[in-house]
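Trainee: Hi! Could you walk me through this model before I set anything up with it?
Mentor: Happy to, let's open it together.

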Amino acid sequence: VACKKLRGRRLTLDGGANGEEEAKKDAEGEKGAAVVKDEGEGNEAEEAEDEIAEGRREPMQVEIGDFVKVKQMLDESTVSAVLTLDYDENHYWDNVKLLLMVVACAFAMVAQFYPMPFPESRPLLGICCAAYFVASTVLQGIVTYIEQDTIMLTHAKNRQTAEKEGLRIRTAFPRFQYDYTVVVEKAETKNGPSVSQTYLITKYFTEDGWFDAEGFEEDVTKQVQQFEAKKFNKTL
C-alpha cells in the first residue's frame with residue numbers, strides 16, 4: 001500500500017512537472033507569435049514609409065455627383081501631367097490678376113479706414129469706388145475673354161530658344177455629362193493646330209469615387225507628346 005501511495009505521488013509530481021513544461025512551451029509559443037506579429041506590423045509600416053519616400057500618392061476619393069470637385073481633380077491631374085514633361089508653368093496672367101486684386105483691396109481699405117469725416121470724404125469715396133470698379137472689371141475681363149477655359153500656360157519646354165512658344169491647356173467638362181475634354185495648343189498662336197482628346201471619366205473613377213490619377217495622367221502625357229510630335233487632330 002505504501003509503495004502504491006509513493007508511486008501515485010511520483011506520478012502526480014511527474015504530471016505536474018510535465019504540465020509546467022507544457023505551460024512554459026505554450027507561453028514561449030505565444031511570445032514568439034507576438035514577436036512575429038510585431039515584426040510583420042513593423043514591416044508593413046516600413047513598406048508604407050518606403051512608398052511615401054518613393055513619391056507614391058495616396059488614392060483620392062470624390063463624390064461623383066459633385067461635378068465642380070471632379071473637374072478640379074481632373075484639372076489638377078492634367079497640370080501635374082504636363083509638368084512631368086519638363087514644362088515650366090507661366091504665371092504671368094496669375095500675377096496680373098493678383099496685382100489687380102491687391103489694388104482693388106487697397107482702394108477699399110482707404111475708403112473704409114481713411115481718417116476723414118463723411119461729408120468731406122465724398123470725393124475720396126467716389127474715387128475709391130470708381131477705382132475698385134475699374135480693377136474688378138479688368139479682372140473679370142481677363143477671366144472671361146483672355147483665359148476663358150484655359151487652366152494652364154507654360155513656357156517653352158526646357159526654355160529652349162528654338163521653340164519660343166509654350167503650351168496652352170484648355171479643358172471642358174459640361175455639367176451633367178461624363179466627358180472631360182483636354183485641348184493642347186500653342187500658348188500664343190490663335191486658332192492654330194491643336195490636339196483635342198475627350199476622356200470618359202468613368203474609366204478613371206470607380207463607383208465609390210476613387211480616382212485613378214496615375215492612369216489619367218499617363219493618358220494626358222501621351223496627348224501632349226502627340227502634340228509635340230505635330231500629330232494634330234484639329235487644325236482651324
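Trainee: Let's start with Val224. Leaving aside neighbours within four places in sequence, which residues is Val224 in contact with?
Mentor: Val224 is in contact with Val82, Leu85, Tyr87, Leu167 and Val184 once those neighbours are left out. Keep in mind that this is a predicted model.

Trainee: Thanks. Which residues have the most contacts inside the largest nonpolar core?
Mentor: Val224 is one of them, along with Leu74, Tyr180, Phe205, Phe211 and Phe216. That core has 29 residues.

Trainee: Then tell me about H2. How many residues does H2 have, and how far does it reach?
Mentor: H2 has 17 residues and spans 24 Å from its first C-alpha to its last, close to the 24 Å expected at 1.5 Å a residue.

Trainee: Which residues of H2 are buried?
Mentor: The buried ones are Phe67, Val70, Met73, Leu74, Asp75, Ser77, Thr78, Val79, Ala81 and Val82.

Trainee: What do the buried residues of H2 pack against?
Mentor: They pack against H5 and several strands: E1 (60-61), E2 (150-153), E3, E4 and E6 (210-211).

Trainee: Switching to aromatics. How many aromatic pairs are there?
Mentor: The count comes to 12 aromatic pairs. Take Tyr199 and Tyr204: their ring centres are 6.3 Å apart and their planes sit at 65°, so this pair is edge-to-face.

Trainee: Are those two tyrosines, Tyr199 and Tyr204, buried or exposed?
Mentor: Both Tyr199 and Tyr204 are buried.

Trainee: Which residues do ring pairs link into a cluster?
Mentor: Tyr199 and Tyr204 belong to it, together with Phe67, Phe173, Phe176, Tyr178, Tyr180, Phe205, Phe211 and Phe216.

Trainee: Next up, Glu185. Is Glu185 buried or exposed?
Mentor: Glu185 is buried, at a relative accessible area of 12%. Its place is in strand E4.

Trainee: Which side chain does the side chain of Glu185 make a polar contact with?
Mentor: That would be the side chain of Arg170, at 2.9 Å. Not counting residues up to four places away in sequence, Glu185 touches Gly166, Leu167, Arg168, Arg170, Pro193, Ser194 and Phe227.

Trainee: Last topic, cysteines. How many disulfides does a search of the whole structure find?
Mentor: The search finds 0 disulfides.

Trainee: How far is the sulfur of Cys129 from the closest cysteine sulfur?
Mentor: The closest one is in Cys128, 6.9 Å away, which is too far for a bond. Cys129 counts as exposed because its relative accessibility is 51%.

Trainee: And where does Cys105 fall in relative accessibility?
Mentor: Cys105 is at 46% relative accessibility, so it counts as partly exposed.

Conventions: Residues are numbered from 1 along each chain as its sequence is written. This is a predicted model: local features need pLDDT of at least 70, side-chain atom pairs count only at pLDDT 80 or more; totals for chains, interfaces and linings use all residues. Side-chain values use heavy atoms; hydrogens and water are left out. Rings of Phe, Tyr and Trp (its six-membered ring) pair if their centres lie within 6.5 Å; planes under 30 degrees apart count as stacked, over 60 as edge-to-face and the rest as tilted. Buried means under 20% relative accessible area, exposed over 50%, partly exposed in between (1.4 Å probe, protein chains only). A nonpolar core is a set of buried Ala, Val, Leu, Ile, Met, Phe, Trp, Tyr and Cys residues joined through side-chain atoms within 4.5 Å. Contact means heavy atoms within 4.5 Å. A disulfide is a pair of cysteine sulfur atoms within 2.5 Å. Helices (H or I, at least four residues) and strands (E, at least two) are DSSP runs, numbered from the N terminus. The expected span of a helix is 1.5 Å times one less than its number of residues. A polar contact is a pair of N or O atoms within 3.5 Å; within protein, one must be able to donate a hydrogen and the other to accept it, and residues adjacent in sequence count only if both atoms are side-chain atoms.
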